[in-house]
Amino acid sequence: MISGPVGLWTRYKEKHPNIAQFLVFFMLSNGITVLQLVLMPAFKKMFEQTLLIDTSFQILRLGQNFDESPYYVFDYASGAISASGGGGLAYFLAVQITIGIAQVINFFAQRSITFKSGGNVWKAAFWYLIAYLLITIGAAAAQGFYKAPIYDLFMNTWGMGSVGETTADLITMIINSAISFWIFFPILKIIFKQK
């Protein structure tokens with residue numbers, strides 16, 4: 001019989017396999033979110049030095065905002081956020097590259113550590129990619145409701161300027177990660193079936 005923390009965890013896992021699996025998923029997801037919080041500002045800073053910041057990226061129009069301006073699922077108007085722009089293609093790429101890197105790591109970590117899946121990796125990767133794309137589009141659509149007010153609150157209402165912008169970046173990334181977290185867990189239980 002194994003003693004100490006490892007033994008305690010082993011016994012807990014045997015008694016409560018689903019809760020233990022969720023806890024491992026939770027810990028890995030939080031670690032990957034921390035990675036995103038480090039990478040995204042670095043990519044954002046890098047891309048802001050390019051002309052991509054002045055290139056609008058506004059696609060998938062769905063009706064109108066409350067102020068009757070067009071509502072886009074991916075709404076990154078040209079110009080720096082600090083100058084009332086949307087960050088342009090630079091911000092979009094910073095977010096999506098960060099999320100992409102995180103999801104590749106998440107796929108392999110969750111598959112081998114959390115779910116200990118021995119199924120076909122290519123089939124799992126295909127379904128993971130489909131889920132990732134749908135969740136990304138859904139999370140981007142939801143961002144239209146909270147992104148602008150968060151940036152406005154920190155940058156303008158509270159007058160925090162560039163610190164407010166960075167804070168708003170982190171908060172929107174955390175919200176996006178939380179949306180993904182709650183949707184991905186049940187999907188991964190299906191994708192990563194144990195043999």
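**Pockets and cavities in the predicted model**

I will begin with the largest cavity, which is lined by Phe74, Tyr76, Val95, Gln96, Ile99, Thr136, Ala139, Ala140, Gln143 and Asn176. This is a predicted model, in which local features need pLDDT of at least 70 and side-chain atom pairs count only at pLDDT 80 or more, while totals for chains, interfaces and linings use all residues. Residues are numbered from 1 along each chain as its sequence is written, and side-chain values use heavy atoms, with hydrogens and water left out.

Terms next. On a 1 Å grid over the protein atoms alone, a cavity is a set of points where a 1.4 Å probe fits but cannot get out; a pocket is an open set with protein on both sides within 12 Å along at least five of seven lines; and lining residues have an atom within 4 Å of a point. Grid points are joined across faces, edges and corners, and a volume is the space filled by probe spheres set on the points.

Back to the largest cavity. Its volume is about 60 Å³. At least two lining residues come from each of S2, H3 and H4, where helices (H or I, at least four residues) and strands (E, at least two) are DSSP runs numbered from the N terminus. H4 contributes the most, with 4 residues. By class, the lining has 6 nonpolar, 4 polar and no charged residues; here Ala, Val, Leu, Ile, Met, Phe, Trp, Tyr, Cys and Pro count as nonpolar, Asp, Glu, Lys and Arg as charged, and the others, Gly among them, as polar.

Where does the largest cavity lie relative to domain 1 (1-114) and domain 2 (118-194)? It lies between them, because both domains give residues to its lining. The domain bounds come from an automatic or database domain assignment.

A search of the whole structure finds 2 cavities of 30 Å³ or more. The second largest cavity has a volume of about 50 Å³, and its lining consists of Met40, Tyr91, Val95, Gln143, Asp169, Thr172, Met173 and Asn176. The classes here are 4 nonpolar, 3 polar and 1 charged. Domain 1 and domain 2 both give residues to the lining of this second largest cavity, so it too lies between them.

The largest pocket holds about 770 Å³ of space. It is lined by 27 residues, and the closest to its centre are Asp75, Gly144, Lys147, Ala148 and Pro149. Strand S2 (70-76) and helix H4 (121-157) are the elements that give two or more residues to this lining. Which element gives the most to the lining of the largest pocket? That is H4, with 11 residues. The lining divides into 13 nonpolar, 10 polar and 4 charged residues, and at least three residues come from each of domain 1 and domain 2.

The second largest pocket has a volume of about 310 Å³. Of its 20 lining residues, Thr33, Ser177, Ala178, Ser180 and Phe181 are the closest to the centre. Two or more residues come from each of helix H2 (17-48), helix H3 (88-114), H4 and helix H5 (161-191). This lining has 10 nonpolar, 10 polar and no charged residues. Domain 1 and domain 2 each provide at least three residues to the lining of the second largest pocket.
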